[in-house]
Amino acid sequence: GSQGLRELELARSGTALGAHMRAALVSSCLSLGLMAQRPAAVHSSSAVASTRSAGTRIAVLGGGITGTIVASRLTRVPGADVTIFEMGRGFGGRMASRRTREPELKGLVINHGAPSFCARTPRFRSLLAELEVASVVRRVDGRVCVLRAGAGGGQIVAAEDDGGEPLRRAEWEGLPSMSAIADYLGRGATTRFSTMIAGIERGPTGCFRLTDKDGTDQGEFDRIVVTSHTLAHSRFENVFAIPPPLRALAEQTGSTALASLVRLVERVPSVPVLAVLLALSPTDAHVLDSLPFAQAEVLGSARISKVVLQRPPSGHAVIVVHSTPEFAHAHANVHGSSSTAARMGAAGGSEREAEICAEVLDELRGLLEPMLAPGDTLPAPAYGPLVHRWGSAFVGAIEGLSADEGLTKSAARLHDEMGITVCGDFLPLDDEAAAAGVQLGSVEAAALSAMAAAQAISEACMIPPVSVVQ
């Protein structure tokens, strides 16, 4: 029976987990919603049931905060062989930092995704305390305001959104850049950057064979960790003209658990954002000193929803402008000529990049110049402007789903039955996180999901989870 196999795994691995510890692990995973309560008749595959703690090959798809937290926990387990696949040139995902190789711009770093984040739960604050000791995060003052666009430029209004809800203030940022967090967490895993996994096939032994977009074999793995919902979403096919890997795997295996998850993920709402990046030279950087914010939510603009100011060690003044969802939708095929998606073969739109930058910069000048010191104007940038598309920047909850149909339950079934663990900022929050005000799509939502996933994988492999930082 399944229980006998699980006891055999424990004996083979030589892991001396007491019954009380194993029970605690199971209870914790169940409470976090990433493991399903096993019925009397278990439908786990023999391949998953025979997973060993020694030599377990784990593929983590995605090198953002979710994937690197999972990898950081599992790489510290003896016998776990963890490989992270990341489309970009480095870690970070939506916490990525862009660097330039131009000698005259040495030291210029732009955090073009999440500029900072909040911590609302004890679990996440505990992780950040460990990362703070490692000097890869720091607290920030959170100068956040709201600007209302108008004929006379941006007008600062109360620190709340248009509906009267208080704004979440920035509390933490990466040190020296946002990508430093994922760089630190992912350092112990094998990494394959600039690699887009486009094919996943399950062999007769239950292992998974991965291939990239060129059909190159990327190896065989016992378990897979999926950290982005795009691998099961039609947006993947719309951008890369390749069927989403998880949808193709569902068709190949006939797995009802995977087919159910793919159907649900297709219903996850997401909002795109175009980020326009530019930097003023160190000699011009003082022009922005009179602006009383580091981040500004913008109301009443057709093109701009957020303005982020940064001062990297190079001395430049960086401006990152986030578009409105409507503006991003109007330019649906524009990904940015220097973006990861463009390098991976995303089609179309590059000819409109200059036009988009000109429109956004024109509106930015109208918004900020009346707020500058008398006589100052926004100088021509020394770097940029460039466009980067975040196609699934903000996710929301699926409407109209009962608890039995929820993503969490589908993910738990998939974890148990196939050895595929799905995690990320798009999965429903547990009660503690929801009560604390954590929002889907946030850095904290991604981190909590990753910690729960690592716990569940550890238990499934009969190995105890460990701290992220040692």
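Select strand 18, residues 383–395: Pro-385 lies in it. Strands here are DSSP runs of E with at least two residues, helices are runs of H or I with at least four, and both are numbered from the N terminus. Now show the backbone from Gly-384 to Pro-385. The peptide bond between them is cis, with omega near 5°. In general, most peptide bonds are trans.

This is a predicted model, in which local features need pLDDT of at least 70 and side-chain atom pairs count only at pLDDT 80 or more, while totals for chains, interfaces and linings use all residues. Residues are numbered from 1 along each chain as its sequence is written, and side-chain values use heavy atoms, with hydrogens and water left out.

**Another cis bond**

Go to Leu-175 and Pro-176. A cis peptide bond joins them, with omega about 5°. Pro-176 sits in the loop between strand 8 (172–174) and helix 6 (179–185).

Select Ser-135. Its phi is positive, near 65°, and the residue is not glycine. Look for Ser-135 in the loop between helix 5 (122–133) and strand 5 (137–139). Buried means under 20% relative accessible area, exposed means over 50%, and partly exposed is in between (1.4 Å probe, protein chains only).

Next, select Ala-241. Here phi is near 60°, again positive in a residue other than glycine. Ala-241 is in the loop between helix 7 (234–240) and helix 8 (245–253). Ala-241 counts as exposed, with 66% relative accessibility.

Select strand 16, residues 304–310. Six of its seven residues are buried. Strands 15 and 16 pair antiparallel over three bridges. Two strands count as paired if DSSP finds at least two bridges between them. Find Ala-296: its bridge partner in strand 16 is Val-307. Four residues lie between the strands of this hairpin, and Gly-300 takes a positive phi near 80°.

Ile-304 stands opposite Ser-323 of strand 17. The hairpin of strands 16 and 17 has six residues between them, and Gly-315 in the turn has a positive phi of about 90°.

Zoom in on strand 1 (residues 56–61) and strand 2 (residues 80–85). Six bridges pair them in the parallel sense. Ile-58 has Val-82 of strand 2 as its bridge partner. Contact means heavy atoms within 4.5 Å.

**Helix 4 under cover**

Select helix 4. How many of its ten residues are buried? Ten of ten. Among them are Gly-67, Thr-68, Ala-71 and Ser-72. The cover includes strand 1, strand 2, helix 5, helix 6, strand 13 and helix 15.

Show helix 4 (residues 65–74) with helix 15 (residues 443–460). They pack at an angle of about 35°, with axes 8 Å apart. The crossing is right-handed, meaning that the near helix is turned clockwise from the far one by less than a right angle. On helix 4, the contact includes Ile-65, Ile-69, Val-70 and Arg-73. On helix 15, it includes Ala-446, Ala-450, Met-451 and Ile-457. The contact residues divide into eleven nonpolar, two polar and one charged. Ala, Val, Leu, Ile, Met, Phe, Trp, Tyr, Cys and Pro count as nonpolar; Asp, Glu, Lys and Arg as charged; the others, Gly among them, as polar.

**Zoom out**

Show the whole protein. It comes to 15 helices and 19 strands. Of its 470 residues, 53% count as buried.

Terms used:
Axes are lines fitted to C-alpha atoms, for helices over the stretch in contact, and angles run from 0 to 180 degrees between N-to-C directions.
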